[in-house]
Amino acid sequence: MSAPVCPKCNSSEATKSGVIDGRQRFKCKQCGYHYTVAKVGKEINSYYVIKALQLYIEGVSYREIERLLGVSHVSVMNWVKKYGVKAPRQTDYHPTYKILNQKELAEFFQNPANVQGAGLVVTELGDKYMMIRWERFKQG
């Protein structure tokens, strides 16, 4: 295995210089810069990135997205920053959601009372469906 190119001076002459977090560390012979090889195989499928950003825009919290999709809430925060997503903040409405299978979703929509009086969005979530509903905060 040859050493990867130095990111600072583009030299391909380097020596191994230990291991950090399971990744090989190198020291460039030309400029003395220490660097590691880029990680491979750890990238998250774009499906989950898009779903996480959609849920964030719908008002679902970072931790709740973590529980729903099984991705780190820190990753979700990083994606929000990376893509410049801004969630509109509504004080009069708050989202509630349910995870339903196809049969439960069909039964829900058969009752007209379930779809009146609130905004409603349904999105695919793996083999299930997530229904997000906005309801007014009760004014006390």
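**Cores, helices and salt bridges in a predicted chain**

Leaving aside its neighbours within four places in sequence, W79 is in contact, meaning heavy atoms within 4.5 Å, with I44, Y48, V49, A52, L53 and V71. The model is a predicted one, in which local features need pLDDT of at least 70 and side-chain atom pairs count only at pLDDT 80 or more, while totals for chains, interfaces and linings use all residues. Residues are numbered from 1 along each chain as its sequence is written, and side-chain values use heavy atoms, with hydrogens and water left out.

The chain has 4 helices and 6 strands, where helices (H or I, at least four residues) and strands (E, at least two) are DSSP runs numbered from the N terminus. Along the sequence these elements follow the pattern β-β-β-α-α-α-β-α-β-β. Buried residues, those under 20% relative accessible area, as against exposed ones over 50% and partly exposed ones in between (1.4 Å probe, protein chains only), make up 24% of the 140 residues. The chain exposes about 10000 Å², of which carbon and sulfur atoms supply 49%; these areas come from the Shrake-Rupley method with a 1.4 Å probe, and for residues only the protein chains shown count as cover. Among contacts between residues at least 6 apart in sequence, 45% join residues at least 24 apart.

W79 also belongs to the largest nonpolar core, which has 17 residues and in which L55, I65, L69, V76 and W79 touch the most other members. Such a core is a set of buried Ala, Val, Leu, Ile, Met, Phe, Trp, Tyr and Cys residues joined through side-chain atoms within 4.5 Å. Helix 1 (46-57), helix 2 (62-69), helix 3 (73-82) and strand 6 (128-136) each supply at least two residues of this core, with helix 1 giving the most, 5 residues. A second, separate core of 5 residues includes C6, A14, F26 and C28. In soluble globular proteins, nonpolar side chains tend to be buried together.

For residues 50-83, UniProt lists, in an unreviewed entry, "domain: Insertion element IS150 protein InsJ-like helix-turn-helix"; UniProt positions are given in the numbering used here, feature names are shortened, and annotations may be inferred rather than shown by experiment. Over residues 50-83 the model is 76% helix and 0% strand, and the end C-alpha atoms lie 10 Å apart.

Which residues of helix 2 are buried? They are E64, I65 and L69. Seen down the axis of helix 2, these buried residues fall within an arc of 115° (taken from the directions from the helix axis to the C-beta atoms), so they line one face of the helix. Helix 2 is followed by G70, whose phi is positive, near 80°.

E64 also forms a salt bridge, defined as a side-chain nitrogen of Lys or Arg within 4 Å of a carboxyl oxygen of Asp or Glu, with R67, the closest N and O atoms being 2.7 Å apart. The two residues are 3 apart in helix 2 and are thus separated by about one helical turn, and R67 is exposed, at a relative accessible area of 56%. By this rule the count comes to 2 salt bridges.

The side chains of E107 and K103 likewise meet in a salt bridge (3.7 Å, N to O), and both residues lie in helix 4 (residues 102-110), 4 residues apart, about one turn of the helix. E107 counts as partly exposed at 43% relative accessibility, whereas K103, at 60%, counts as exposed. L105, also found in helix 4, is buried, with a relative accessible area of 12%. Leaving aside its neighbours within four places in sequence, L105 is in contact with L100, V122 and Y129.
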